[in-house]
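Me: Hi! I've got a structure open here and would like to talk it through with you. Could you take a look?
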Amino acid sequence: MKRAVRLLGVGRSRPLPALALALALTLVAGGFAAWAGQDWYRAAHDEQAAYAAQRDAALSAGEQAVQNLNTLDHRELKRGLDLWESSTTGELHEQLASGREEFTAQMKEAKTVSTARVLSGAVTELDDRAGRARVLVALRVTVEAADGAKSDKDSRMLGELTRTDGRWKLSALGQAPVGGTSTG
């Protein structure tokens, strides 16, 4: 029996270290994959990440809608007013739709072009479950009169957003107060 054992041991060229190394690398790769998968799962199901994504979506939509409602070219009224209506919902949408003809006549007479550019914005409130948000947007509006004269005006707007069909739309818009009030 000793001879059989010797014969098996004589022909071996020591593959044991290579096999051990391959096994160790496989275990390390498997451990890393498990850790990365668990980390990915936690990130994908993190409520804070989902809330942050909704906040970012509301801010982006709010800034764009405020810019849309402050940009209008008398030469492309239909396109501009359609954009206004597609950016709004609720009572604000109804007001814009019902006053469209009168506003079109005023714009054709005035022959102005207004262009808005967002300077900054912030979400001031977000109720993700109710689908409501408020944004504060600072913008610069450039108005070009019929005679070619241009004027810039910086303003801050407060907007209320409502999520409808998975999209944030403006449901109210107004000027934000600037500065404090003096007490006599």
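Me: How much of the protein counts as buried?
Reply: Of its 184 residues, 24% count as buried. Keep in mind that this is a predicted model.

Me: Thanks. How many helices and strands does the protein have?
Reply: There are 6 helices and 5 strands. Starting at the N terminus, the elements follow one another as α-α-α-β-α-α-α-β-β-β-β.

Me: And what share of the contacts comes from residues 24 or more positions apart?
Reply: Such pairs make up 51% of the contacts with a separation of 6 or more.

Me: Let's do the sheet. What's the strand order?
Reply: The order is E1-E2-E3-E4-E5, in an open sheet of 5 strands with antiparallel pairing. E1 and E5 are the edge strands, each pairing on one side only.

Me: How many bridges are there between E1 and E2?
Reply: E1 and E2 are joined by 2 bridges, in the antiparallel sense. Leu 72 has Ser 114 in E2 as its bridge partner.

Me: And E2 with E3?
Reply: That antiparallel pair has 13 bridges. Two of the pairings are Glu 125 with Arg 134 in E3 and Ala 122 with Leu 136 in E3.

Me: What does the turn of the E2 and E3 hairpin look like?
Reply: It has 4 residues between the strands, and Gly 131 in the turn has a positive phi of about 75°.

Me: OK, on to E3 and E4. How many bridges join them?
Reply: E3 (residues 132–144) and E4 (residues 150–164) run antiparallel and are joined by 13 bridges.

Me: Which residue has a positive phi in the E4 and E5 hairpin?
Reply: Asp 165, at about 50°, in a turn with 2 residues between the strands. E4 and E5 (residues 167–175) are antiparallel as well, with 8 bridges, and Thr 164 stands opposite Arg 167 in E5.

Me: Switching to helices. Which residues of H4 are buried?
Reply: In H4 (residues 77–86) they are Leu 77, Gly 80, Leu 81, Trp 84 and Glu 85. Looking down the axis of H4, the buried residues fall within an arc of 140°, so they line one face of the helix.

Me: What's exposed on the other side of H4?
Reply: Lys 78 and Arg 79 are exposed there.

Me: And what do the buried residues of H4 pack against?
Reply: Their neighbours are helix H3 (47–69), strand E1 (72–73), helix H5 (90–98) and helix H6 (100–110).

Me: Now the largest nonpolar core. How many residues has it got?
Reply: That core has 22 residues, and Leu 139, Leu 161 and Leu 170 have the most contacts inside it. At least two residues each come from H3, H4, H5, strand E2 (113–127), E3, E4 and E5. E3 gives the largest share of this core, with 5 residues. As a general point, nonpolar side chains tend to be buried together in soluble globular proteins.

Me: You mentioned Leu 139. What does Leu 139 touch?
Reply: Leaving out residues up to four places away in sequence, Leu 139 touches Val 66, Asn 70, Ala 116, Arg 117, Val 118, Leu 119, Lys 153, Asp 154, Ser 155 and Met 157.

Me: How much space is in the largest pocket?
Reply: About 160 Å³.

Me: Which residues line the largest pocket?
Reply: The lining is made of Leu 69, Asn 70, Thr 71, Leu 72, Trp 84, Phe 103, Met 107, Thr 112, Val 113, Ser 114, Val 141 and Val 143. H6, E2 and E3 each supply at least two residues of that lining. Some of these names have come up already: Trp 84 is one of the buried residues of H4, and Leu 72 and Ser 114 are bridge partners.

Me: Last one, Tyr 51. Where is Tyr 51 found?
Reply: Tyr 51 is in helix H3.

Me: Why does Tyr 51 count as partly exposed?
Reply: Because its relative accessibility is 38%, and partly exposed covers the range between under 20% for buried and over 50% for exposed.

Me: And what does Tyr 51 touch?
Reply: Leu 126 and Asp 128, not counting residues up to four places away in sequence. Tyr 51 and Asp 128 are 77 residues apart in sequence, with 7.2 Å from C-alpha to C-alpha.

Technical notes: Residues are numbered from 1 along each chain as its sequence is written. This is a predicted model: local features need pLDDT of at least 70, side-chain atom pairs count only at pLDDT 80 or more; totals for chains, interfaces and linings use all residues. Side-chain values use heavy atoms; hydrogens and water are left out. Buried means under 20% relative accessible area, exposed over 50%, partly exposed in between (1.4 Å probe, protein chains only). The arc is that of the directions from the helix axis to the C-beta atoms. Contact means heavy atoms within 4.5 Å. Two strands pair if DSSP finds at least two bridges between them. A nonpolar core is a set of buried Ala, Val, Leu, Ile, Met, Phe, Trp, Tyr and Cys residues joined through side-chain atoms within 4.5 Å. On a 1 Å grid over the protein atoms alone, a cavity is a set of points where a 1.4 Å probe fits but cannot get out, and a pocket is an open set with protein on both sides within 12 Å along at least five of seven lines; lining residues have an atom within 4 Å of a point. Grid points are joined across faces, edges and corners, and a volume is the space filled by probe spheres set on the points.
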